[in-house]
Amino acid sequence: SIIQTSARRVWDSRGNPTVEVEVTLANGAVGRAIAPAGASRGTREAVDLRDGGTALKGMNVSAAVNNVTTRIAPLLRGMDASDQFGVDAALVDIDGTRLKSELGGNAMVATSLAVLHAAAAANSVPLWAYIAQISGRTPSLPLPEIQIFGGGAHAGRRVDVQDFMVMVPGAKDFDEVMETTAEIYHAAGKIMQAKGTLAGVADEGGWWPVFASNEEALETLVKAIEMAGETPGDRVIISLDIAASEFGSKGRYRLALEDRELDSDQMIALLGRWLDTYPIASIEDPLAEDDPEGVAAFTAAYGDRVQIIGDDYLVTNAGLVKQAAGAGACNAVLIKVNQAGTVSESIDCFRAAQSSNYGTIVSARSGETEDVSISHLAVGLGAGQLKVGSFTRGERMAKWNECLRIADALPANAFVAGAPLARTWWA
Ligand code: PGA
Ligand code: ZN
């Protein structure tokens with residue numbers, strides 16, 4: 001049983017404070033986890049508790065850390081760490097708010113994950129195996145979705161689209177995905193350097209681009225894939241996170257780069273032209289979260305040929321996934337533990353996705369740390385894909401490297417991407 005829960009302030013990949021929680025069990029097992037932080041957040045996701053004021057841009061977490069030691073620790077004392085659903089339900093219960101604003105989503109997610117780690121340690125099994133056990137799933141390695149350029153809120157809005165990514169569904173194993181992606185990433189940097197369109201590295205490790213249009217980003221990505229010796233659309237495909245809530249609201253979409261405003265239909269038509277022109281197999285948040293009709297219309301038009309992922313739109317919420325499935329909006333969901341606030345609610349969302357025949361993509365946030373829990377979560381749940389940002393920066397590479405370690409412990413046929421590139425490859 002849990003004898004101690006402690007917390008400290010640590011720092012994320014953007015140099016902002018965040019919450020680390022450590023849970024100790026009576027048998028000596030210890031679990032530790034750190035809360036990540038998003039920059040382009042959905043309005044319906046769990047909110048972090050931040051101190052406000054002027055110091056540290058108002059982002060200090062002393063109240064959240066304090067909530068762990070004064071309110072969460074006494075609540076969890078004596079509870080069975082193997083009862084993840086019971087622990088999470090108790091946290092949700094004392095928080096009592098819709099968006100977890102009382103205890104703080106940051107305090108809750110770090111605690112929930114630390115309990116998960118402690119229970120796995122107590123059972124002497126790797127975290128991924130423990131997650132598979134409590135969720136009743138068969139572990140498998142996800143197909144990585146890897147960012148080549150950043151944009152939107154992660155790169156000073158230098159381009160409107162937030163993530164330009166690649167996937168390598170044609171790879172034979174996870175290791176081969178890493179190698180192909182490395183070639184593409186470095187090729188993209190070389191092309192941009194030569195053209196003077198490279199301005200460093202964005203929040204998630206992708207190149208920080210100085211492009212004149214979103215299309216220039218897509219053209220450059222196609223060239224980088226070719227320069228890496230690949231035929232775009234063959235072994236390698238393009239994936240976009242439009243993160244449209246960042247520049248669209250009330251049915252109006254403001255493309256800052258091109259200085260024009262589109263309505264919902266025009267936005268759908270623009271994305272449709274991109275789908276016809278470039279080898280794009282996946283699009284996340286194509287329309288804004290307040291434009292459910294737009295998301296449904298986009299899905300009706302293109303859902304049979306591309307994966308359409310809800311992130312800000314579905315915020316790792318089982319109820320919203322079921323609702324979206326009923327409305328024919330999206331066909332896949334991003335799973336971010338800190339959007340839900342607890343491990344159990346993330347598993348609930350995963351199950352809702354499964355029963356709605358939605359694809360599942362476990363995802364990091366733009367503010368991350370050395371915490372690699374999500375690599376284990378993706379494997380343990382047998383999620384279709386894993387999105388952790390780009391192919392540089394330690395907080396990103398830690399997660400890919402952890403997957404390589406897990407791969408060595410899994411049977412060779414455990415790689416999801418072995419399936420052919422067809423509608424089935426993201427299932
Ligand atoms: P965030 O964005 O972590 O900055 O909220 C990531 C995403 O939109 O997938
Ligand atoms: Zn997103």
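**Reading the two ligand sites**

Modeller: The shell around ligand 1 splits into two nonpolar, five polar and eight charged residues. Here Ala, Val, Leu, Ile, Met, Phe, Trp, Tyr, Cys and Pro count as nonpolar, Asp, Glu, Lys and Arg as charged, and the others, Gly among them, as polar. This is a predicted model, where local features need pLDDT of at least 70, side-chain atom pairs count only at pLDDT 80 or more, and totals for chains, interfaces and linings use all residues. Side-chain values use heavy atoms, without hydrogens and water, residues are numbered from 1 along each chain as its sequence is written, and chains are lettered from A and ligands numbered from 1 in the order in which they are written.

Biologist: Which side chains have an N or O atom at 2.7 Å or 2.5 Å from an oxygen atom of ligand 1?

Modeller: A polar contact is a pair of N or O atoms within 3.5 Å. For ligand 1, the side chain of H154 has one at 2.7 Å, and that of S366 has one at 2.5 Å.

Biologist: Which residues coordinate the zinc ion (ligand 2)?

Modeller: Donors are N, O and S atoms within 2.8 Å of the metal (3.2 Å for Na, K and Ca); water is not among the atoms, so sites may look incomplete. In this model, D241, E284 and D311 coordinate the zinc ion at 2.1 to 2.2 Å. Their spacing along the chain is D-x42-E-x26-D.

Methods
A polar contact is a pair of N or O atoms within 3.5 Å; within protein, one must be able to donate a hydrogen and the other to accept it, and residues adjacent in sequence count only if both atoms are side-chain atoms.
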